[in-house]
Amino acid sequence: MTAVAYLYAPHLSADIVQQEDPSAAGRPLAILAAPQESALADCSWEAAARGLYPGMPLRQARLACPDLAVRVCPPACRPQHLELVWEALARAGCLVEPDPSGGAFLGLPRGLDPSAVASIVQGALGAVWVLGVGPTRLVARAAALEQAERLHRRPPHPGAGSAGVAIRSVPPDQARPFLEGLPLRHFWVCPDPIREQLGRLGFKTVGALAALSREALVDRFGPIGWQLWQKSRGIDSGVVLAAYPPPSLSRRMDLDGEGIPWEQGEAIAAEVRRWARDLHARLEARMQTAQALGMRLWMQPPEVVLSESIRLGEGRQGAGAWETLAVHLLRRIGQQASAWQRGGARPLRLELVASPVVPAPAHQASLIPRLGAASRQSRLHRALQVVADRVGPGLVYRASQRPWSRREAMLALVEQGAWLP
């Protein structure tokens, strides 16, 4: 991989509606998530040029734009269209890491330039896309945000409702000057509350933030100040993860022939518990986990697939929890199957799926031995002193140098990869 890119469509929902409804093409368009909604979920490029924005009240939008057209585009439409694009990029050899905001980080393989990516994207889904390219994730997304702002000042295809890809590429030797002149509103790694504080203090660009010392940022913002000091200088070691298609692990069996008959409920439940233990052990050995457990049951005739799923939160990551949830899914899917069995259908195949597979959170090692009955605050101060001794002076203050609050102390320990026993 030679470069990192960030791809997103600022007004994807509106572009989808304008493609499917020719009467809405080229017009100021407001998108609602449901007919009863009173705030805009999205708006077209023509509406954005008149000052409309997602989240704006519909009444206010009508006052600002009297000829505004209103359409409904359910939120479920976006993932379906985005998956077409991610699938096409993955087939072309790109690493695709979807972003919660609706875009995706791309790891571009050698020999694939941004213009080729633009062709792939347009072939998969016609919309107005923004592509930022740079040596790091930080620069790539910042370039995409800056390019999107330029397009909002001059809509790309006024009155046409057509599609295109606007590319902003930042060479590696221009990354530092690019960041120095970047407005803070495009410094996406900076949380909004901190960005507002910096704006009130008179900071306008990332270069002005980079001029501050590390100690000044840490004193003002705590552990997040250390990250801002690094990122403002272009220090970004993050890599693009191949997160699409989301990997999964599954176990299945036939319920006829040599398999266990569906009528033997206890035997099937025991097999499902064994599947859950096996999937959990395999993921744990690979230092991975899953975000959800799902179960599918194929029935015939008529040919139908029954499915159930359940999210795996922090308290559901143990092997015992997986067994309990797998049996719970089996019970729920059995209730669905009963109605089909009364109609003459019979179960054919059962499958348990753990997906999507993601890296497991790191288990941090204890930094200091157990301190017995010492108070938690004393343990915090003792741990901070040990961290300061290990990483050197100036990076972590001793308890005697600064009155740490409990939250600040815990954040400082987490920043150094430590935890209290």
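The entries below go from ground rules to sheets, helices and single residues.

**Entry 1: ground rules**

I am working with a predicted model, where local features need pLDDT of at least 70 and side-chain atom pairs count only at pLDDT 80 or more, while totals for chains, interfaces and linings use all residues. Residues are numbered from 1 along each chain as its sequence is written, and side-chain values use heavy atoms, with hydrogens and water left out.

**Entry 2: the whole chain**

I found 15 helices and 12 strands in the chain; these are DSSP runs numbered from the N terminus, helices being H or I with at least four residues and strands E with at least two. I then checked burial: 43% of the 421 residues count as buried. Buried is under 20% relative accessible area, exposed is over 50% and partly exposed lies in between, with a 1.4 Å probe and protein chains only. For contacts (heavy atoms within 4.5 Å), I took those with a separation of 6 or more, and 66% of them join residues 24 or more positions apart.

**Entry 3: the five-strand sheet**

I traced an open sheet in the order E5-E6-E1-E7-E8, with mixed pairing. Strands pair here if DSSP finds at least two bridges between them. Strand E5 (95–98) and E8 are at the edges with a single partner strand each, so one side of each has no neighbour in the sheet. The twist averages 20° from one strand to the next. Helix H6 (residues 137–153) packs on this sheet and touches E1, E5, E6, E7 and E8, its direction making about 145° with that of E7. For such angles, axes are lines fitted to C-alpha atoms, for helices over the stretch in contact, and values run from 0 to 180 degrees between N-to-C directions.

I went through the pairings next. E5 runs antiparallel to strand E6 (residues 104–108), with four bridges between them, and proline 98 has alanine 104 of E6 as its bridge partner. On to strand E8 (residues 164–169): E7 pairs with E8 in the parallel sense over six bridges, and valine 128 is partnered by glycine 164 in E8.

Which residues of E7 are buried on its two faces? I get Val128, Val130, Gly132 and Gly134 on one side, and Trp129, Leu131 and Val133 on the other.

**Entry 4: the four-strand sheet**

I found another open sheet, in the order E9-E12-E10-E11, with antiparallel pairing. Its edges are E9 and E11, each with a single partner strand, so one side of each lacks a neighbour in the sheet. Here the twist averages 15° from one strand to the next. Eight bridges join E10 to E11, and leucine 297 has leucine 306 in E11 as its bridge partner. H12 packs on the sheet against E9, E10 and E12, with its direction at about 155° to that of E9. H13 lies across E10, E11 and E12, at about 150° to E11.

**Entry 5: the cores**

I looked up the largest nonpolar core, which has 32 residues; Trp262, Leu293, Leu297, Trp322, Leu330, Leu350 and Leu352 touch the most other members. A core is a set of buried Ala, Val, Leu, Ile, Met, Phe, Trp, Tyr and Cys residues joined through side-chain atoms within 4.5 Å. Leaving out residues up to four places away in sequence, the contacts of leucine 297 include Trp262, Ile333 and Leu350. A second, separate core has 24 residues, among them Leu89, Cys94, Val117 and Trp129.

**Entry 6: a helix pair and a glutamate**

I checked helix H1 (residues 12–20) against helix H4 (residues 77–91): they pack at about 85°, with axes 10 Å apart. H1 and H4 are therefore roughly perpendicular, a label for 65 to 115 degrees, with under 35 roughly parallel, over 145 roughly antiparallel and the rest oblique. Leu12, Ser13, Ile16 and Glu20 of H1 meet Arg78, His81 and Leu82 of H4.

Is glutamate 323 buried or exposed? Glutamate 323 is buried, at a relative accessible area of 18%. This residue sits in helix H13 (residues 319–342), and glutamate 323 touches Arg273, Ala276 and Arg277, not counting residues up to four places away in sequence.
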